[in-house]
Amino acid sequence: MSAEVDEPIPLQTDPLQLLRAAEALTRMHPIVAFPTGTSAVIVAICHLIREHHS
(Lines give C-alpha, C1' and ligand atoms only; values in the text may rest on other atoms or scores of the structure.)
Protein backbone atom coordinates (compact mmCIF):
# COMPACT_ATOMS: atom_id res chain seq x y z
CA MET A 1 0.00 0.00 0.00
CA SER A 2 1.34 3.44 -0.86
CA ALA A 3 0.02 6.92 -0.39
CA GLU A 4 0.91 10.22 -1.94
CA VAL A 5 1.66 12.99 0.51
CA ASP A 6 0.80 16.49 -0.66
CA GLU A 7 2.00 18.17 2.52
CA PRO A 8 5.58 19.40 2.86
CA ILE A 9 7.96 17.04 4.62
CA PRO A 10 9.07 18.57 7.93
CA LEU A 11 12.76 19.32 8.29
CA GLN A 12 12.60 18.73 12.04
CA THR A 13 14.62 16.04 13.73
CA ASP A 14 13.20 16.62 17.23
CA PRO A 15 10.66 13.84 17.92
CA LEU A 16 8.32 16.13 19.88
CA GLN A 17 8.24 18.66 17.06
CA LEU A 18 7.55 15.87 14.59
CA LEU A 19 4.65 14.63 16.74
CA ARG A 20 3.23 18.16 16.93
CA ALA A 21 3.56 18.55 13.16
CA ALA A 22 1.83 15.21 12.60
CA GLU A 23 -1.01 16.16 14.94
CA ALA A 24 -1.41 19.52 13.22
CA LEU A 25 -1.65 17.82 9.83
CA THR A 26 -4.41 15.52 11.09
CA ARG A 27 -6.51 18.57 11.99
CA MET A 28 -6.49 19.70 8.36
CA HIS A 29 -9.01 17.02 7.34
CA PRO A 30 -12.13 15.51 8.92
CA ILE A 31 -11.54 12.18 10.66
CA VAL A 32 -13.88 10.43 8.21
CA ALA A 33 -11.45 11.31 5.39
CA PHE A 34 -8.79 9.04 6.90
CA PRO A 35 -8.57 5.24 6.65
CA THR A 36 -10.12 3.08 9.35
CA GLY A 37 -7.93 2.97 12.44
CA THR A 38 -6.46 6.42 11.99
CA SER A 39 -8.26 7.75 15.05
CA ALA A 40 -6.25 5.34 17.23
CA VAL A 41 -3.03 6.69 15.75
CA ILE A 42 -4.15 10.28 16.36
CA VAL A 43 -5.03 9.45 19.97
CA ALA A 44 -1.60 7.84 20.44
CA ILE A 45 0.11 10.94 19.02
CA CYS A 46 -1.85 13.18 21.39
CA HIS A 47 -0.98 10.96 24.37
CA LEU A 48 2.71 11.13 23.51
CA ILE A 49 2.55 14.92 23.27
CA ARG A 50 0.74 15.12 26.62
CA GLU A 51 3.24 12.77 28.28
CA HIS A 52 6.01 15.17 27.38
CA HIS A 53 4.16 17.99 29.15
CA SER A 54 3.59 15.94 32.32
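## Orientation of the two helices

Helices α1 and α2 are oblique to each other, because their packing angle is about 140° and an angle counts as roughly antiparallel only when it is over 145 degrees. In this predicted model, helix α1 covers residues 15-26 and helix α2 covers residues 38-53, and the two axes lie 10 Å apart. The crossing that α1 and α2 form is left-handed.

The residues that make this contact are, on the side of α1, Leu-16, Leu-19, Arg-20, Ala-22, Glu-23 and Thr-26, and, on the side of α2, Ile-42, Ile-45, Cys-46, Leu-48, Ile-49, His-52 and His-53. Sorted by class, the contact between α1 and α2 comprises eight nonpolar residues, together with three polar and two charged ones.

## Thr-26 in helix α1

Thr-26 belongs to helix α1 and is among the residues through which α1 makes contact with α2. Its relative accessibility is 16%, and Thr-26 therefore counts as buried, since the cut-off for that class is under 20%. When neighbours within four places in sequence are left aside, Thr-26 is in contact with Phe-34 and with Ile-42, and Ile-42 is one of the residues that α2 brings to the contact between the helices.

## The chain as a whole

The protein chain contains two helices and zero strands. Of its 54 residues, 15% are buried, and the chain exposes about 4600 Å², of which carbon and sulfur atoms supply 63%.

Note on methods. Residues numbered from 1 in each chain as written. Predicted model: local features only at pLDDT ≥ 70, side-chain atom pairs only at ≥ 80, totals over all residues. Heavy atoms only, no water. Axes fitted to C-alpha atoms, helices over the stretch in contact; angles between N-to-C directions. Helix = DSSP H or I, 4+ residues; strand = E, 2+ residues; numbered from the N terminus. Parallel < 35°, antiparallel > 145°, perpendicular 65-115°, else oblique. Left-handed = near helix turned anticlockwise from the far one by under 90°. Contact = heavy atoms within 4.5 Å. Nonpolar A, V, L, I, M, F, W, Y, C, P; charged D, E, K, R; others polar. Buried < 20%, exposed > 50% of the residue type's maximum accessible area, 1.4 Å probe, protein only. Areas by Shrake-Rupley, 256 points an atom, 1.4 Å probe, with all protein chains shown as cover.
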